[in-house]
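Please read them alongside the sequence and the coordinates.

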Amino acid sequence: MSFLEVRNLSARVRGAPDRLLRDVSLSVAPGEVRGLVGESGAGKSMIGKAVLGILPRAVEVLCGEILLGGTDLLRLPPAERRRRIGATCALIPQDPLTALNPSRRIGPQMTDRLVDILGWTRAKADACARDLLAEVQIADPDRVLRQYPHELSGGMRQRVLIASAFAAEPKLIVADEPTTALDVTVQKEVLRLIAGMQARHGTALLFVTHDLGVVSKVCQSLSVLYAGMVVEDTTVRDFFRAPAHPYARALLAATPKYTDPDRSLVPVAQDVLDGVQAQVDAADRGWRNG
Amino acid sequence: MRDGRGQVRRKVGLRLWLSAGWLTLLLLAALLAPWISPKDPLAQDLFLGRLPPFWMAGTEPGYWLGTDSLGRDVLSRILHGARVAMTVALVAGTITCVIGAVLGLLAGFLRGWVDIVISRLIDIWMAFPPVLFSILLIAVIGPGLWSIILAIVVIDWTRFARVVRAEAMGQGAMDYVASAQVAGRGRMGTMLVEILPNVLPTIIVLLTLEMGIAVIVEAILSFVNLSISTDDPTWGGMIAEGRTSVHQAWWVLVFPLITLFLTVLSFSQLGEGLKDRFDPVLR
């Protein structure tokens, strides 16, 4: 039984003729790490935002279901939806520089959810935050809790964000390109941190990324998106062994390999793009005809 | 992992001290004017007309900054003028700030139809020529302290609303707002706890600027004789009177002018200084 199940989710920018998400279905089992890959604009982040109820105001969900622990979020009244998401889900955002409120101290920002939604006492929430900061290898948790975000480096902030996402054992964490804004050396460290935390806490993770290398390191299953359509839904092992969809195959072939640095970059071939685009067009025709 | 950014501290700047000092002085002058003025600001004495300030030849003791053409003491009139100036600055500035900031915050964060209504209102409002608008307003409701304050509020709330709206929009797009919403914070809570503290430094700068502007507007309205009754001394009124005799008695014009200038300058510098203190990133 999956903890998160997205069924036939379609969304579009209000008033636009074309859909942004085209009948997206995917599921994340408890403790599973699912990668969500695709080129930029493919709708990876939109799925994560839809799950967490933070879609931009201009985007409307047309149809579909987002089942969280068996309940369809889209059918709940907003306050109840917010409470339910807040109690079981968390977000690791993309850009650590804007993901912390610059005018609030780290401590309250980490513990808001625990106090407001879960009804913990301040003292218990503070102790929890301290333990989590220690777990992500921050040297002086008490000091960091009292600091403002600008007093921390980007890597430190990303650690704080990871720590607060794991506070109070959420069932599902959406990681929205958590390593994209970091430089490569920090990336590796942060990735190891997320994987370690995930393994210890057994949290399900929806890992949005455009980096197949990252997927191979942390994920067990993955969904490949093209133009808001899931073109491949498989386990990581099967994907790297033999991708089924031609686009997925081309994507894998296009990944640069550090074992062969002299090889020139391979773009996804035009006929593959034409093929997958035809598939998208066919889906849209079916959509328009009812 | 640790880094050393936490230790940096900014000093309270000289300009914050100077501007706060001057404004405190003025505030005291305004409060204590009846007791500390050397002369009655309204007492005329044609035999003592156009006395020069104390360091020049031909002065009378007690008239430190000279007298105007009717023999009224310039220093006493400046001190009493501070009452009107400070009242207008504080009251009009604050009311303008609250109205404009609330509307701007609502428009910038809630967006949607709220934003459309408020933004169109601002656009329409700003199409009126402000000086004519205020003169018209005062002509209709009659001169007086509260008319000036009302005129300033009515004209200037758009300044706050526009800037705060833009700031709130920018802050609303940040990832931390999304994080707060995932963590279950409602719309009003997000606006007050997450957005407002980040817009506050801007609001403070605007507020102090507005106080300076209020002083200038009061002076302009006095200058065209639309301020409070002509009996009460105001800086603008003094400048208007001093203008007519600037060749014979420059001090009647220059001293109120310097006071006005320093006051407006102090307000804007106070704002900049306070912003640095309030902004966690600059602190």
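1. How many of the twelve residues of H6(A) are buried? Ten of the twelve are, so H6(A) is largely enclosed by the rest of the structure; a residue counts as buried if 20 or more other C-beta atoms, placed from the backbone, lie within 10 Å of its own. This is a predicted model, in which local features need pLDDT of at least 70 and side-chain atom pairs count only at pLDDT 80 or more, while totals for chains, interfaces and linings use all residues. Residues are numbered from 1 along each chain as its sequence is written, and chains are lettered from A and ligands numbered from 1 in the order in which they are written.

2. Helix H6 of chain A covers residues 154-165 and reaches 16 Å from its first C-alpha to its last, close to the 16 Å expected at 1.5 Å a residue (1.5 Å times one less than the number of residues). Its buried residues include A:Met156, A:Arg157, A:Arg159 and A:Leu161, and among the elements that cover the buried residues are strand E6 (89-92), helix H3 (106-116) and helix H7 (184-201) of chain A.

3. Chain B has nine helices and zero strands (DSSP runs, H or I of at least four residues for helices and E of at least two for strands, numbered from the N terminus). Buried residues make up 46% of its 283 residues.

4. At the interface, 22 residues of chain B are in contact with 37 residues of chain A, contact being C-beta atoms, placed from the backbone, within 7 Å. H6(B) gives the most to this side of chain B, with six residues.

How values were computed. Contact = placed C-beta atoms within 7 Å.
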